[in-house]
Amino acid sequence: MKFSDRLSLFGSQAASSAKSLIKVALQSRGAHISRAKTAAEGKALIIMGNGPSLADVIARHGQQLSQSVTMALNFAANAEEFETLRPDFYLMADPHFFTGRASDPNVERLYSRLNSTVDWPMTLYVPSGHTAKNLGIDNRNIRVETFNFVGAEGFGWLTRFLYSHGLAMPRPRNVLVPAIMTAMNAGFREIYLTGADHGWLNTLSVSDNNEVVSIQPHFYKDNAEEKKRVASVYRDVRLHDILLSFHLAFKSYHALEEYARGNGCHIYNSTPGSFIDAFERRQLPLENA
């Protein structure tokens, strides 16, 4: 690499590092970050993304999934299969889950389902600043823990420090990023991803009115309210903004893989046809059970 290129790279990393430190300082002020080690000794964790391929995994291996150590995400509690899967961990990250309760019946239903259906021990991960009390979680089977929902980039030594201390993570453009980070910080050293299709490019289009249409199907069927909400979110979003968001999401997975590898953690993508190109492909550990 030429000296000018090295100098340019150094300048870019320095700028990213400074920006990351400012974000951590501002967004972590007064925050309580859980550091509990909750990993089951020697067991793998299966993170269940909400992509459409999860439906087939549940149909073929639902019983094995319910007997494995699993993490569910976002609106999974509203799915009929939730009570059968009985996940050990649950994570929500999008601000909508914490600000949209009054306006979105699906969010209200989510909290109602968590309170009424979880009759097994479950850890709920939410961004720092939230507690069981202010979320209205009164189910004693649910333990609420927090993570710092802050993205950081820059010098490798700096990001490794921030990641390992739970102060930041690769830019969390998708819920899988905080899911994987909290799993590693909880002590899991073997993590499998299923339902992580990320095939958004296959459903991306632009209407004759220059409106970007981005359909992100799930293993469950979205109701009319959720479809309307998603459409409103994308109403004024331009195509280049969406493609940039995709870029940042897939880039973050490579940052996660590099960090995991340096910490003796293995992340496997068990999703057939997944667009994520960062992690080694491997079948779920329950495939041959």
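Author: Two strands pair if DSSP finds at least two bridges between them, and strands (E, at least two residues) and helices (H or I, at least four) are DSSP runs numbered from the N terminus. This is a predicted model, in which local features need pLDDT of at least 70 and side-chain atom pairs count only at pLDDT 80 or more, while totals for chains, interfaces and linings use all residues. Residues are numbered from 1 along each chain as its sequence is written, and side-chain values use heavy atoms, with hydrogens and water left out.

Reader: Which strands pair with β1, and in what sense?

Author: Strand β1 (residues 45–48) runs parallel to β6 (residues 190–194), joined by 4 bridges, and Ile-47 stands opposite Leu-193 there. β1 also pairs in the parallel sense with β2 (residues 70–73) over 2 bridges, where Met-71 is the bridge partner of Ile-47. Between β1 and β2 the chain passes through helix α2 (residues 54–66) in a right-handed β-α-β crossover (clockwise from the first strand over the helix to the second, with the strands pointing away from the viewer).

Reader: Are the faces of β1 buried or exposed?

Author: In a regular strand, side chains alternate between the two faces of the sheet. Here Leu-45 and Ile-47 on one side, and Ile-46 and Met-48 on the other, are all buried (under 20% relative accessible area, 1.4 Å probe, protein chains only).

Reader: By class, how is the lining of the largest pocket made up?

Author: It has 25 nonpolar, 14 polar and 10 charged residues, where Ala, Val, Leu, Ile, Met, Phe, Trp, Tyr, Cys and Pro count as nonpolar, Asp, Glu, Lys and Arg as charged, and the others as polar.

Key. Buried < 20%, exposed > 50% of the residue type's maximum accessible area, 1.4 Å probe, protein only.
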